[in-house]
Amino acid sequence: MRHSAIYPFTAIVGQEDMKLALILNVINPSLGGVLIKGEKGTAKSTAVRALADLLPAMETVKDCKFHCDPQDNNQLCGICQESLASHKQLVVQAAKMRVVELPVSATEDRVVGTLDIEYAIKHGEKKFEPGILAQANRNILYVDEINLLDDHVVDVLLDAAAMGVNRVEREGVSYVHPARFVLVGTMNPEEGDIRPQLLDRFGLSVIVSGEHDPDKRVEVIKRRLAYEANPDKFLQLYQEEQETLAQQIIQARQLFPTVSIEDELLTLVAKIAIALEVDGHRADIAVIKTALTLAAFAGRITVTSSDIQEAARFALPHRMRRRPFEEGILDWKKVEALFGDQ
Ligand SMILES: Nc1ncnc2c1ncn2[C@@H]1O[C@H](COP(=O)(O)OP(=O)(O)OP(=O)(O)O)[C@@H](O)[C@H]1O
C-alpha cells in the first residue's frame, strides 16, 4: 500500500458513525454518498481525506480522461465508444479510486469543464477541457463546506448526480461524458443550511460532535502531536490496521452482490417509513441498500433486523418530512415499537 503524508483513517479517535458511513460508500458506491454535519474541528475533513488510503484498485481505459470502466460498455465516453467500435477492444490500465476535492470557491466552468467554441467552429470538431466532474467519475467527490456552495454549482451537481453524466452546452455545441461519483459533503450547520434538493440526494447522513470524554480528548491530542512530529513513523504504527481495513473493504465489495434480504424485513422497512412519515420512497430504498452493505461489511450474506435498525440511523434522519427551516428529527420510539413487533 502506498502511503502519503495523510493522517491515517484508523488513527481517528471515535467518530464511529462517520467512519462507518464513509466505509459503506466505498463498499457500495451506489449508496448515494454521505453528508457529514458537525461543529468545527471534529475530524470531518481529516476522515474524508484519510479515506484515500483505503480505496480499492480499479481498472480504467488507458489514457481516458474520464477513467471509463472497460467492463461497462453503457457508461463509456464518446472517445472510448469510438475506440471500441474501431478496435473491437479497449486497452486497460490499473488505477486506484481517488478522493477528488471540489473547492467551495470553484467556478461552474472549473466544475463542468470548458468547450472551446472557436476551435469547434474552425476545425469542425469538439475540444473539451475536462473539469472536476471528469476527475470525479468513478471516484469520491468531496465538497467541504457544501452548504456554502454557489447555487449554479449545486444545480450542476444535482444534474450530474441524478443522470450520472455531465452535459456541457455552449452556443449550440454540446459535450457529454460519464460522471458517476460518490458525493461526500461536510458542513458546519452553524454556518448555514444546505439546499433541501441537495440534502435529499445524499444516501446517508451523520452528525459528529467533539468528544466529551477527557481521556479520548487527550488521545486526540497525543495522536495529532505524534503525527506532526514524525508522520512516517506515525503512518508505520497504523500500517497494519490500515491494510486490514482496506482488505476488509475489498472482501465486502466481493461479498456484496451475494447478500440477500427476506421479504419480512422489506415489510419492516416499509412500516418504518410509513410510521416516520418520510417523503417518497427513496428513504426505504436507501435503508435497504445500507442494510445490505452493512451485512457485507460484517462478512454476512443475509441481512438481519439489527442491520435494518443501524441502516435507519444513517439513511432516515435527513429524509424526515419537515416544515421549512426545521431539522428532521427521528422519533426512535416509533421505530423501536416496530422492531418490538418483529
Ligand atoms: N477524533 C479525532 N481523532 C483524531 N484527530 C482528531 C479528531 N478530532 C479532531 N482531530 C484533529 O483536529 C484537527 C481538526 O480536524 P479537521 O480539520 O478534520 O476538522 P473538521 O471537522 O474538518 O473541521 P473544520 O471544518 O474546522 O476544518 C485535525 O488536526 C485532526 O487531526
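1. Thr42 is in contact (heavy atoms within 4.5 Å) with Gln15, Met18, Val208, Ser209 and Gly210, leaving aside its neighbours within four places in sequence. The model is predicted: local features need pLDDT of at least 70 and side-chain atom pairs pLDDT 80 or more, whereas totals for chains, interfaces and linings use all residues. Residues are numbered from 1 along each chain as its sequence is written, and side-chain values use heavy atoms, with hydrogens and water left out.

2. Thr42 lies in the loop between β1 and α2 (44-50); helices (H or I, at least four residues) and strands (E, at least two) are DSSP runs, numbered from the N terminus. Thr42 has a relative accessible area of 5% and is therefore buried (under 20% relative accessible area, with a 1.4 Å probe and protein chains only). Its side chain reaches the backbone oxygen of Glu39 at 2.8 Å.

3. An open sheet is formed by 5 strands in the order β4-β7-β10-β1-β11, with parallel pairing (two strands pair if DSSP finds at least two bridges between them). β4 (99-101) and β11 (204-208) are the edge strands, each pairing on one side only. β4 pairs with β7 (residues 140-144) over 3 bridges, and Tyr142 in β7 is the bridge partner of Glu101.

4. Helix α1 (residues 16-27) packs on this sheet and touches β1 (34-38), β7, β10 (182-187) and β11. The direction of α1 makes about 155° with that of β11 (axes are lines fitted to C-alpha atoms, for helices over the stretch in contact, and angles run from 0 to 180 degrees between N-to-C directions).

How values were computed. Buried < 20%, exposed > 50% of the residue type's maximum accessible area, 1.4 Å probe, protein only. Polar contact = N/O pair within 3.5 Å; in protein donor to acceptor, adjacent residues only side chain to side chain.
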